[in-house]
Amino acid sequence: MHSFNILLSCMHETDFSIIEISNIKTNAVIINQCDKEEIKTWRIGKNKVTWVDTCERGLSNSRNMAIKYADSDICLIADNDEVFDDDCEDKIIQAYELIPDADIIIFNLHNKSTKLKNKIYRLRRMEMQRVVSWQITFKRESLLKSGISFDPKLGAGTGNGAGEENKLLYDCYDKGLKIYHVPVNIGYMRENESTWFQGFDAEFFYKHGMVTRYTLGLKMSLIYAGYYLITKYPLYRKTINPIRAGKKLFLGIFENRLSN
């Protein structure tokens with residue numbers, strides 16, 4: 001029987017209400033970036049909660065710290081804007097029992113669309129760009145054995161933009177870890193202000209180009225940039241001219257600041 005942890009990253013929580021708000025009814029590790037250092041552990045029924053207050057900053061650092069403190073074999077990545085189904089643990093464990101060779105399984109949320117196929121299948125490398133953090137579950141031992149962790153250069157708090165989850169998945173794929181998609185909903189997203197996305201402005205496109213080059217390499221990032229500018233046009237057309245967006249996107253790619 002598999003054991004399970006939700007690994008939740010948050011900031012400046014002053015009480016423990018996020019547990020109830022997120023409907024966490026499983027074992028959990030909660031990393032709260034704030035202005036003190038303290039660790040608390042307690043039980044809610046049969047479930048163990050480890051709460052870590054830390055002065056350390058950066059979303060990737062928070063994710064890695066949660067993996068360190070977890071004591072289960074299957075983990076779910078989470079933020080403070082998700083609400084989990086009562087039976088999310090059962091759904092996730094059943095998926096790993098159905099696909100015993102899976103190292104990572106990508107799930108869905110009720111109110112968020114995905115570009116992944118609506119079936120159980122093993123993902124290809126380029127599909128990692130279609131995954132966001134709230135979809136990711138993994139076997140903890142698989143990550144530890146591979147030596148893979150979240151890249152501290154990426155994620156909220158770094159000033160470099162998002163993409164830490166995509167970099168993690170690319171690294172896992174390249175190491176031979178098996179990554180599957182199971183089109184099962186495990187919760188929903190609350191409408192909340194993003195900690196990193198402030199709109200499709202020039203800075204966003206520059207950072208997106210920078211991160212894309214860092215994760216995909218020069219050739220593939222150029223191809224992906226063209227695809228991104230076309231497919232995302234309906235979303236950004238009211239806030240930035242596509243020519244200016246493209247200039248900033250390609251500037252981020254060619255300056256290659258993250259790889260220097």
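Which residues in α7 are buried? Let's work through that and a few other spots.

1. First, some ground rules. This is a predicted model, in which local features need pLDDT of at least 70 and side-chain atom pairs count only at pLDDT 80 or more, while totals for chains, interfaces and linings use all residues. Residues are numbered from 1 along each chain as its sequence is written, and side-chain values use heavy atoms, with hydrogens and water left out.

2. The buried residues of α7 are Ser 221, Tyr 224, Ala 225, Tyr 228 and Leu 229. Buried means under 20% relative accessible area, exposed over 50%, and partly exposed in between (1.4 Å probe, protein chains only). Viewed down the axis of α7, these buried residues fall within an arc of 135°, so they line one face of the helix. The arc is taken from the directions from the helix axis to the C-beta atoms. On the face turned away from the buried side sit the exposed residues Lys 219 and Ile 230.

3. Now for the length of α7, which covers residues 218–231. Helices are DSSP runs (H or I, at least four residues), as are strands (E, at least two), numbered from the N terminus. The expected span is 1.5 Å times one less than the number of residues. For the 14 residues of α7 that gives 20 Å, and the end C-alpha atoms are 20 Å apart, which agrees.

4. What covers the buried residues of α7? The cover includes α6 (202–216), α8 (233–236) and α9 (242–255). Contact here means heavy atoms within 4.5 Å.

5. Two of these helices, α6 and α9, have axes that come within 7 Å and cross at roughly 35°. Axes are lines fitted to C-alpha atoms, for helices over the stretch in contact, and angles run from 0 to 180 degrees between N-to-C directions. The residues of this contact divide into 9 nonpolar, 3 polar and 4 charged. Ala, Val, Leu, Ile, Met, Phe, Trp, Tyr, Cys and Pro count as nonpolar, Asp, Glu, Lys and Arg as charged, and the others, Gly among them, as polar.

6. Is Asn 5 buried or exposed? Asn 5, in strand β1 (residues 4–11), counts as buried at 1% relative accessibility. Leaving aside neighbours within four places in sequence, the contacts of Asn 5 include Asn 27, Val 29 and Asp 71.

7. Lys 145, in helix α4 (residues 140–146), is exposed, with a relative accessible area of 69%.
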